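Please read it with the structure open.

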Amino acid sequence: MRRAGLGEGGSGNYVASGYSVYEEENEHLQEGLRAKVSALKSLTIDIGTEVKYQNKMLEDMDSDFDSTGGLLGATIGRVKQLSRGSQTKLLCYMLLFCFFVFFVLYWFIKLRRERSSSTSV
């Protein structure tokens, strides 16, 4: 049984043209996949670079915290040594003076704000 337009020579052309359509579609999809793989590759390279940069920053922060901890430990040691010595009265006077200065500054700032709020009304 023959169909119209499909002879012996026609069926070969029909199969070949169908094959080329699929082949072109596969090549098109392949190019799309290559583009996506390329984008993923560049993204992973960027992520790797960022991770290396962040690790370097964390190492720097770690060393900074270590040095600060050492400095703070030495300072606390000196304060303890001061409190053990006969200079306890001097330390108390110094703390009282600091509290007094902070109280005066607080009072001055509060008074100044009250004046500025009353003049703006």
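**Notes on the predicted model**

1. Arg34 and Glu31 sit three residues apart in helix α1, so about one helical turn separates them. This is a predicted model. The two side chains meet in a salt bridge, with 2.5 Å from N to O. Side chains of opposite charge can pair when their charged atoms come close. Arg34 is partly exposed, at a relative accessible area of 47%. Glu31 also counts as partly exposed, at 48% relative accessibility.

2. The structure holds two salt bridges. Besides the Arg34 and Glu31 pair, Asp60 forms a salt bridge with Lys56. Here the closest N and O atoms are 3.4 Å apart. Asp60 and Lys56 are four residues apart in helix α1, about one turn of the helix. Asp60 is partly exposed, with a relative accessible area of 36%.

3. Helix α1 covers residues 8-84. Helix α2 covers residues 88-120.

4. How much of the chain is buried? Buried residues make up 0% of the 121 residues in the protein chain. A residue counts as buried under 20% relative accessible area. The chain exposes about 11700 Å².

5. Glu59, Asp62, Asp64 and Asp66 form it. Glu59 belongs to helix α1. With a relative accessible area of 58%, Glu59 is exposed. The cut-off for exposed is over 50%, so Glu59 passes it.

6. Which residues make the nonpolar surface patch? Phe97, Phe100, Val101, Phe102, Phe103, Val104, Leu105, Tyr106, Trp107, Phe108 and Ile109 make it. The patch has an area of about 1200 Å². One of its residues, Trp107, lies in helix α2.

7. The record deserves a separate look. UniProt, in an unreviewed entry, lists residues 90-109 as "transmembrane region". In the model, the chain over residues 90-109 is 100% helix and 0% strand. The end C-alpha atoms of this segment are 29 Å apart.

Terms used:
Residues numbered from 1 in each chain as written. Predicted model: local features only at pLDDT ≥ 70, side-chain atom pairs only at ≥ 80, totals over all residues. Heavy atoms only, no water. UniProt positions renumbered as here; feature names shortened; annotations may be inferred. Helix = DSSP H or I, 4+ residues; strand = E, 2+ residues; numbered from the N terminus. Patch = residues over 30% accessible without salt bridge, like charges linked within 9 Å, V, L, I, M, F, W, Y side chains within 5 Å. Areas by Shrake-Rupley, 256 points an atom, 1.4 Å probe, with all protein chains shown as cover. Salt bridge = Lys/Arg side-chain N within 4 Å of Asp/Glu carboxyl O. Lys, Arg positive; Asp, Glu negative; His and termini not counted. Charge placed at Lys NZ, Arg CZ, Asp CG, Glu CD. Buried < 20%, exposed > 50% of the residue type's maximum accessible area, 1.4 Å probe, protein only.
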